[in-house]
Amino acid sequence: MKTFRTLGFSLVAVCLVLLLAPPLAAEPPRSAPLTARVFLPLLVGSECQNIAGEIYAALVPVSPPTDRPAAQHADLNLELRGYAATTGILDLVDYGGKTDGKAPKLFSLFSDNRVPIFSSVSQVYDWDWATNRRANLILNPPVTLAGMQVAPDEILRVPH
């Protein structure tokens, strides 16, 4: 199983997927990297060293390549869409509706299987594919990106 070691306070983006983003500044950044449907944390910082006792393996993409490089794809690169800080509950929220029993479990991202402490909430901008430009903020659900606290050198795992 692939593991990651965090470098200081980081954020996990929850916008259909999970991902570590840069630390929060006084005003939240307007963009952060994101990957879609892979559910992998992204290590932000300097060179990563192997973690003793952990096993590393390659991951094979499930989907075919996209019509453009990932850096230019708004479903794969949150920097293109951007986001804006909002107010909301800093906790898990049940909006009702159907659930997917096979979806990755957030608590399994952390070695101690905890529900994280949420530090911020934001709304991600939608994308207008016809014009290939940023659209309005996604307002439903009211939170589309959540920041979560991690400890320095904490090991994060690909969620089960």
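**Exercise 1. Locate T87 in this predicted model and decide whether T87 is buried or exposed.**

Solution.
- Step 1: T87 sits in the loop that runs between β4 (83-85) and β5 (118-128).
- Step 2: The relative accessible area of T87 is 73%. The cut-off for exposed is over 50%, so T87 is exposed.
- Step 3: For a spatial reference point, take V121. The C-alpha atoms of T87 and V121 are 6.5 Å apart, although 34 residues separate the two in sequence.

**Exercise 2. Find the loop that holds H73, and state which residues beyond four places in sequence are in contact with H73.**

Solution.
- Step 1: H73 belongs to the loop between β3 (18-21) and α1 (78-81).
- Step 2: Its relative accessibility is 9%. Buried means under 20%, so H73 counts as buried.
- Step 3: With neighbours within four places in sequence set aside, the contacts of H73 are T66, D67, R68, L80 and W129.

**Exercise 3. Classify the geometry of the ring pair W127 and W129, then compare the exposure of W127 with that of W129.**

Solution.
- Step 1: The count of aromatic pairs is one. In this pair, the ring centres of W127 and W129 lie 6.2 Å apart, with the planes at 65°.
- Step 2: Planes over 60 degrees apart count as edge-to-face, so the W127 and W129 pair is edge-to-face.
- Step 3: W127 is buried, at 10% relative accessibility, whereas W129 is partly exposed, at 38%.

**Exercise 4. Which ring does R114 lie over, and which ring does R134 lie over?**

Solution.
- Step 1: R114 is placed over the face of F110, 4.2 Å from the ring centre.
- Step 2: R134 is placed over the face of Y125, 4.7 Å from the ring centre.

**Exercise 5. Describe the chain as a whole, then state where pLDDT is below 50 over residues 1-28 and under 50 over residues 34-41.**

Solution.
- Step 1: The chain contains one helix and eight strands, in the order β-β-β-α-β-β-β-β-β along the sequence.
- Step 2: Of its 160 residues, 31% are buried. The accessible surface is about 10000 Å², and carbon and sulfur atoms account for 58% of that surface.
- Step 3: Of the contacts between residues at least 6 apart in sequence, 68% link residues at least 24 apart.
- Step 4: The average pLDDT is 77, and 70% of the residues reach at least 70. Residues 1-28 have pLDDT below 50, yet the model gives this stretch 113 contacts beyond near neighbours in sequence.
- Step 5: Residues 34-41 also stay under 50, with 32 contacts beyond four places in sequence.

Conventions:
Residues are numbered from 1 along each chain as its sequence is written. This is a predicted model: local features need pLDDT of at least 70, side-chain atom pairs count only at pLDDT 80 or more; totals for chains, interfaces and linings use all residues. Side-chain values use heavy atoms; hydrogens and water are left out. Helices (H or I, at least four residues) and strands (E, at least two) are DSSP runs, numbered from the N terminus. Buried means under 20% relative accessible area, exposed over 50%, partly exposed in between (1.4 Å probe, protein chains only). pLDDT is the predictor's confidence in each residue, from 0 to 100. Contact means heavy atoms within 4.5 Å. Accessible areas come from the Shrake-Rupley method with a 1.4 Å probe; for residues, only the protein chains shown count as cover. Rings of Phe, Tyr and Trp (its six-membered ring) pair if their centres lie within 6.5 Å; planes under 30 degrees apart count as stacked, over 60 as edge-to-face and the rest as tilted. A charge sits over a ring if NZ of Lys or CZ of Arg is within 6 Å of the ring centre and within 35 degrees of the ring normal.
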